[in-house]
Amino acid sequence: MSKGHPELATAFTSNVERMKWHDKALWFVRVKRDNQAKSVDEWEELRNSADRIKTHTLANLDTYLEAFEQNALKRGIKVHWAKDASEHNDIVLDILRSNNVKMVVKSKSMLTEECHLNPHLEKHGIEVVDTDLGERIVQLRNEPPSHIVLPAIHLKKEDVGTTFEKFLKTEKGNADPTYLTRAARAHLREKFLAADAAMTGVNFAISETGGIVVCTNEGNADLGAGLPKLHIACMGIEKIIPRLKDLSIFTRLLARSATGQPVTSYTTHYHGAIEGGQMHVVIVDNGRTNILAQDRYIKSLQCIRCGACLNTCPVYRRSGGFSYGYTIPGPIGSTLAPNRDLKKYSTLPYACSLCASCTNVCPVKVDLHHELYYKRQEVVEAGYLSPIKHNALKMATWLMCHPKLMDCAGWMARKFVPILPRAIVYSKFNVWGRGRELPRFPKNSFKELYKEKKGKK
């Protein structure tokens, strides 16, 4: 049986120092996001507009996708449709084989990670080089990304130094970020010049124009797509937006939400192949239409992959991306993964405090905490909740349905738990207490305080 989030999170949190700096690093990004949001007077208006555009687009998705295809074909772009990951991988492989490609440079694409494209191509003798610096670091380490925007956030500069020492032959013990970045740049420049093809993801596909937009901070997508004669862009069906003028709303939200900067360094429009070249767009479903058919979860398809929900989530920040066991971690992954396989990912809806911070920071207003709450109900109804947790929740429900017993239990807890030996309170039966300390008990309950205050008026 595969490990769930609690077991995988335990492995990450066992290194307390790593957990603390991971938490601190992501909160730093969250604060930057907040500062940027405050600097834009119409921030909430932008979010509302983005929500309306995405809601409208998803309600008319077939129309906009077909219009995109027609307009792309007019520009000489070849459009392919894939129902699932396997079909997507085969289409890409066929394109590369028909062009005798031996090595492809790839910019960041969570869709290709979702489809496990790299191993598929490598199995057929095609070298794939991830050119985003963070992606390249984890690729050399044979690890998946742990964050959808900051793929190597789980690593310290010393880890990167050791990795580059092994694969790029850098100086032993040199973990200077500038030195390591220059070494990576020299290494990747050789790959760019030798590549037979380039692959990119798609941040936005514009139905009105038949073109795509890719947003990066390193320019690797531009360099990759600008040198080889073959460019393949892979996109999920939800990446479509209706009009070119809609794009400005999303670009104002994306970078501010993702990294706390006003705009990405490179926002590049691709509306056709380079001279003498080919451009292909592969449009992928891979379970998205199943979500489209569910009113409770359809808003998860509005996600623009900014990562803001990960940066704010107290669970993700402390448990790390690998604890989710899915391509996309954090709150958005915790709702997407169970939609793909409820049994396998049954623990993810519980990797959440229901604090709603993810929903509050989402630039397109995905109702994440509501979706995770609904998913919990589905897990219980399907019988996938662990017996220990299920019985504990049933007992708590029964107790809360009897107010007088609840009051009595609260009084006893306040009276006696503080004087009990730790060995009894934090025993093997208290699973919750393995990584937590009970707060100091108040002298009076909220109900008692409320009655007291009310009586004084």
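Helices α8 and α9 are roughly perpendicular to each other, a label that covers angles of 65 to 115 degrees, whereas angles under 35 degrees count as roughly parallel, those over 145 as roughly antiparallel and the rest as oblique. Helix α8 (residues 133-140) packs on helix α9 (residues 157-167) at an angle of about 65°, with the axes 10 Å apart; axes are lines fitted to C-alpha atoms, for helices over the stretch in contact, and angles run from 0 to 180 degrees between N-to-C directions. Helices (H or I, at least four residues) and strands (E, at least two) are DSSP runs, numbered from the N terminus. The crossing of α8 past α9 is left-handed, a term that applies if the near helix is turned anticlockwise from the far one by less than a right angle, with right-handed used if it is turned clockwise. Leu133, Ile137 and Leu140 of α8 meet Val160, Thr163, Phe164 and Phe167 of α9, contact being defined as heavy atoms within 4.5 Å. By class, the residues of this contact between α8 and α9 comprise six nonpolar, one polar and no charged, where Ala, Val, Leu, Ile, Met, Phe, Trp, Tyr, Cys and Pro count as nonpolar, Asp, Glu, Lys and Arg as charged, and the others, Gly among them, as polar.

The structure is a predicted model, in which local features need pLDDT of at least 70 and side-chain atom pairs count only at pLDDT 80 or more, while totals for chains, interfaces and linings use all residues. Residues are numbered from 1 along each chain as its sequence is written, and side-chain values use heavy atoms, with hydrogens and water left out.

An open sheet of four strands has mixed pairing and the order β8-β5-β6-β9, with β8 (240-241) and β9 (266-270) as the edge strands, each of which pairs on one side only. Strands β5 (residues 204-206) and β6 (residues 211-216) pair in the antiparallel sense over three bridges, and alanine 205 stands opposite isoleucine 212 in β6. The two strands β5 and β6 form a hairpin with four residues between them, and glycine 210 in the turn has a positive phi of about 80°. On β6, six of its six residues are buried, a term that means under 20% relative accessible area, with exposed meaning over 50% and partly exposed in between (1.4 Å probe, protein chains only). Gly211, Val213 and Cys215 point one way from β6, while Ile212, Val214 and Thr216 point the other way. Strand β6 also pairs with β9 in the antiparallel sense, over five bridges, and the bridge partner of valine 213 in β9 is histidine 269. Helix α12 (residues 247-258) lies across β5, β6, β8 and β9, and runs at about 170° to β5.

Threonine 259 is placed in the loop between α12 and β9 and counts as buried, with 15% relative accessibility. Leaving aside neighbours within four places in sequence, threonine 259 is in contact with Val29, Lys32, Val149 and Asn217.

Most residues other than glycine have a negative phi. Asparagine 142, in the loop between α8 and α9, has a positive phi near 60° and is exposed, with a relative accessible area of 74%. Lysine 365, in the loop between α17 (357-361) and α18 (368-382), likewise has a positive phi of about 60° although it is not a glycine, and lysine 365 is partly exposed, with a relative accessible area of 27%.

Terms used: Pairing = 2+ DSSP bridges.
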